[in-house]
Amino acid sequence: MTDLHTGRLLLRRWRDSDLEPWAAMNADPEVREHLGDLLTREQSDASVARFEAAFDRRGYGWSAVEVRATGEFIGFAGLDEVDGGLPFTGVEIGWRLARTAWGHGYATEAARAVLAHGFDALGLPEILAVTTASNLRSQAVMRRIGMTTDPADDFDDPTVPDGPLRPNVLFRITRER
């Protein structure tokens, strides 16, 4: 994947300098509220290794996101294959930002660039998004970028134990939209 540029953001491959702020994000209970357990530094670093391996294998994946004006790493956004074991298949869009980046419209801006790349460069017919039923902030971003949901598609994530993270919603958008 080539770098994606928006008015304020750069979506790019990961750098060693991203590892420390990424680990801090993964150790932040508010950032991980809808994702599950906090990650250790080793787990966080391993996730970046997996992201980069996916890029090398498929040509797309989770990109590091930085603010163009400052070069500050603020999280990730991108596309990934839906995890196995879920009741559907496809390619999903996602994002995760540091708390300091919340409320600035960065998630929406990055997501729009990722959607355009997925449809225009990769030729995907449909892109999905998944989040917990309680993650209203991410659902708001999904709606802002034109995604829709059908309550019939809501599901309990079989990979998550019973609790507040198990009920999930599925959003969709097609190339035609």
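This is a predicted model: local features need pLDDT of at least 70, side-chain atom pairs count only at pLDDT 80 or more; totals for chains, interfaces and linings use all residues.
Colleague: How many aromatic pairs does a search of the whole structure find?

Modeller: Eight. A pair of aromatic rings is described by the distance of the centres and the angle of the planes. Take tryptophan 14 and tryptophan 22: their ring centres are 5.2 Å apart and their planes stand at 70 degrees, so this pair is edge-to-face. Both tryptophan 14 and tryptophan 22 are buried.

Colleague: Which parts of the chain does the pair of tryptophan 22 and phenylalanine 51 link?

Modeller: Distant ones: tryptophan 22 sits in helix H1 (residues 19–26) and phenylalanine 51 in helix H2 (residues 41–58), 29 residues apart. This pair is edge-to-face too, with 5.9 Å centre to centre and 70 degrees between the planes. Tryptophan 22 has a relative accessible area of 0%, and phenylalanine 51 has 11%. Trp14, Trp22 and Phe51 belong to one aromatic cluster that also includes Trp62, Phe73 and Phe76.

Colleague: Now to H2. Which of its residues are buried?

Modeller: An α-helix has 3.6 residues a turn, so residues three or four places apart point the same way. In H2, the buried residues are Ser44, Ser47, Val48, Phe51, Glu52, Ala54 and Phe55. Viewed down the axis of H2, they fall within an arc of 155 degrees, so they line one face of the helix.

Colleague: What covers that face, and what is exposed on the other side?

Modeller: The cover over the buried residues of H2 includes H1, strand E3 (62–67) and strand E4 (73–81). On the other side, Glu42, Arg50, Asp56 and Arg57 are exposed.

Methods. Residues are numbered from 1 along each chain as its sequence is written. Side-chain values use heavy atoms; hydrogens and water are left out. Rings of Phe, Tyr and Trp (its six-membered ring) pair if their centres lie within 6.5 Å; planes under 30 degrees apart count as stacked, over 60 as edge-to-face and the rest as tilted. Buried means under 20% relative accessible area, exposed over 50%, partly exposed in between (1.4 Å probe, protein chains only). Helices (H or I, at least four residues) and strands (E, at least two) are DSSP runs, numbered from the N terminus. The arc is that of the directions from the helix axis to the C-beta atoms. Contact means heavy atoms within 4.5 Å.
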